[in-house]
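Please open the model in your viewer and keep the selection panel within reach. This tour moves from one selection to the next and says what can be found at each stop.

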Amino acid sequence: MFEEIGTTTDGDLIINVGPQHPATHGVLHLVITLNGETIRKVEPHLGYIHRSIEKMCESLTYRQFIYVTSRMDYLSSHINNHACAMCVEKGLQIEVPERAKVIRILLDELTRIASHELWWGAMAMDLGAFTPFFHAFRERESINDIMEETCGARLTMNFIVPGGLMADIHPNFQKRVKDFIRLYKSKFEEYNEMVTGNVIFRNRMEGVGYLSKEDAISFGCTGPTARGSGVSCDVRKWFPYEGYEKITFDEIIETGGDSLARYMVRVREMNQSIRIIEQLIDAIPEGEYQAKTKAVLKLPKGEFYSRVETARGEFGVYIVSEGGTTPYRIKFRSPGFSNLSALDQMARGSKLGDLVAMMGTLDLVIPDIDR
Amino acid sequence: MSESYLSNQSAESKSNFPGQITETPGGGIVLSKLDDIINWARSNSLWPLTFATSCCGIEMMSTASAKYDFSRFGFEVARASPRQADVIIIAGTIVNKMAPVLKRLYDQMADPKYVIAMGACAISGGPFFYNTYSVVKGADHIIPVDVYVAGCPPRPEALLHALISLQQKIREGKTREQISSK
Amino acid sequence: MNDTILQNELLKIFPELVFEPGTEWLQVTVQSQQWLPLANTLRYKVDMDFDFLFCVTCIDWKTHLAMVYHLRSTTSKLHLVVKATLNPLNPEIDSVTSIWKTADFHEREVYEMFGVNFKGHPDLRLLILPDGWEGRNPLRKDFEDPINMIRL
């Protein structure tokens, strides 16, 4: 069915990377065909964390299936919940109050910063530098403290529900977020000094893993993976939702196409998220935090699709409903699934050590791919 | 907290070291059982295997980083190879495709080895218990588990409590591996 | 180029297309034999330029299977949803891997979950499910698993 591990007839070596490996972020099994140290072919084998979420959601009601989407891409858990809540609201045509919309955006952007922080620390650790990992987690712990005070959990929080939010924000929320912004701004220069300007890092990232613009579109790549190759695809700019049209921020696009371009896109996106938070944190409108909804939600017959921009790309929720209390079919369009299919193209011809740099900049979260 | 917790400590000794220290002119003599000393040494230097399948892995990484450091308790070096690790922390859901891999990793670890099941998914299948065709309902269907930590995901303090409980268990000689080797 | 002009252009080239009114994005149902020519037209015709295929899925309606393709153009903001009806006993449709490379993984997933055979796919085999699941299609409505699945 697939190549046996060993040697092929023309002297190429076939080896396994994973599924248990410190550099694959999660359980990814790659079967690599090598000629010496040059990669000939990379074949991902998925399914080591396939939890059959789409089948499971067919027996959960519309209020219940939100918790399981937190656990798919666990680093952008608020943003995933936001997509599902938006889809259900679209079907029921519920109008979400302004206060809930603004707080949802604030939580989304904080989650985006936390996800990029962890990506930055883990990628530097893969390349051999252990110190940035601890620096990244210091900022991430501040965000986790904010989330814990308001939402009750540190990693998987079902706080965004159809209709608005589950509860109102804690009175300390604004003060803590402002403290975090001050902390972040004072520490951001460290990141550039430690990693971005480092000559070893630059040599390992420049020219590695080139993905052209046409290939990025053809492979269906979204998010920073595509923006590093010059494709403009930010859902917050192209199809704005829930108030993003009124906020000023830049869409970061780099044209290099290599790993360094994707790295710079993510690092600059963190700054743009800070800009969004600064515009909103003093202007949270008063009002209700949840719209009045019925206790049992029943979507009308039809199909509904909604999408958001997570830290990895475009996440889409497609619900087909037959009028009952549970969905007939749910499909989650995950960003990692399409981003991973570009890995083979990017890796041919490079060395084995470059593969780690490429996987780092693709920012894969495997439960997102396997669902 | 630690004084009343540990039962095999003598009241005079100020350190955690098992046994009694008899003061004689010219130095001290330590009298202890060999088992106690070996258990004390083993419990204070457990090296974990980096095995994280899903969300609980992030909380394990948080426990490893600077705020809730677990290297204060001896878990300093997280090894990637099972042949060099003592304890495997199963952080995340185990599915049918991953089960043979987990068994193989466990078999490759050298004795004495210990297992911690972290999170609801590793204990019993967790949120994915009903109506899934591919989830193993608990990691103890595959390998024997010493400590279970509840939570989804458990807080880093909960994982630290589990690690300390594992250390207690080893000192008291109550882990599965110590009982079966008697 | 907006929805009405697109609809008229497509009806000129493929007169048997059926458009559904009243949906958020333009929705068209095509015969499964005509999917590949339609896909070529949508991708390469000068003013259509649908170069971004972002969602490929399948729905089991018990009497038939329906393939659903979501397309979008990166130059304009046009969307198109293409549906194709398949026979549940022998579902077959052409593969569009030669047009959009992302279809490779998506079609493998639909193959293993629903049993749809994609003609012309370079490498059609299981992607996510473990070995031994060929022939068992979990996302179909008649999937039986007495141990794990609870019927409410």
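Select chain B and colour it by secondary structure: this chain has seven helices and six strands, where helices (H or I, at least four residues) and strands (E, at least two) are DSSP runs numbered from the N terminus. The model is a predicted one, in which local features need pLDDT of at least 70 and side-chain atom pairs count only at pLDDT 80 or more, while totals for chains, interfaces and linings use all residues. Residues are numbered from 1 along each chain as its sequence is written, and chains are lettered from A and ligands numbered from 1 in the order in which they are written.

Still with chain B, colour residues 2-32 and 47-180 separately, since these ranges are domain 1 and domain 2 in the domain assignment, whose bounds come from an automatic or database source. The centres of domain 1 of chain B and domain 2 of chain B, taken over C-alpha atoms, are 32 Å apart. Along its principal axes, the C-alpha trace of chain B spans about 70 × 35 × 25 Å.

Next, select strands β3 to β6 of chain B, which form an open sheet in the order β3-β4-β5-β6 with parallel pairing; two strands pair if DSSP finds at least two bridges between them. The edge strands, each pairing on one side only, are β3 (48-49) and β6 (147-149) of chain B. Zoom in on β3(B) and β4 (residues 87-91) of chain B, which are joined in the parallel sense over two bridges, and find B:Leu49 opposite B:Ile88 in β4(B).

Which residues does B:Ile88 touch, not counting residues up to four places away in sequence? Select B:Leu49, B:Phe51, B:Leu105, B:Tyr106, B:Met109 and B:Val115 to see them, with contact meaning that C-beta atoms, placed from the backbone, lie within 7 Å.

Now show the whole of chain A, which has 15 helices and nine strands. Its radius of gyration, taken over C-alpha atoms, is 21 Å, close to the 21 Å that the globule rule (2.2 Å times the number of residues to the power 0.38) gives for 371 residues, so chain A is as compact as a globular protein of that length. Of the 371 residues of chain A, 53% count as buried.

Finally, visit two interfaces of chain A. On one, 28 residues of chain B are in contact with 27 residues of chain A, and the largest share of the chain B side, three residues, comes from α3(B). On the other, 22 residues of chain C are in contact with 24 residues of chain A. Here β3 (52-60) and α3 (103-114) of chain C give two or more residues each to the chain C side, and β3(C) provides the largest share, six residues.

Definitions and conventions: Buried ≥ 20, exposed ≤ 12 C-beta atoms within 10 Å, placed from the backbone.
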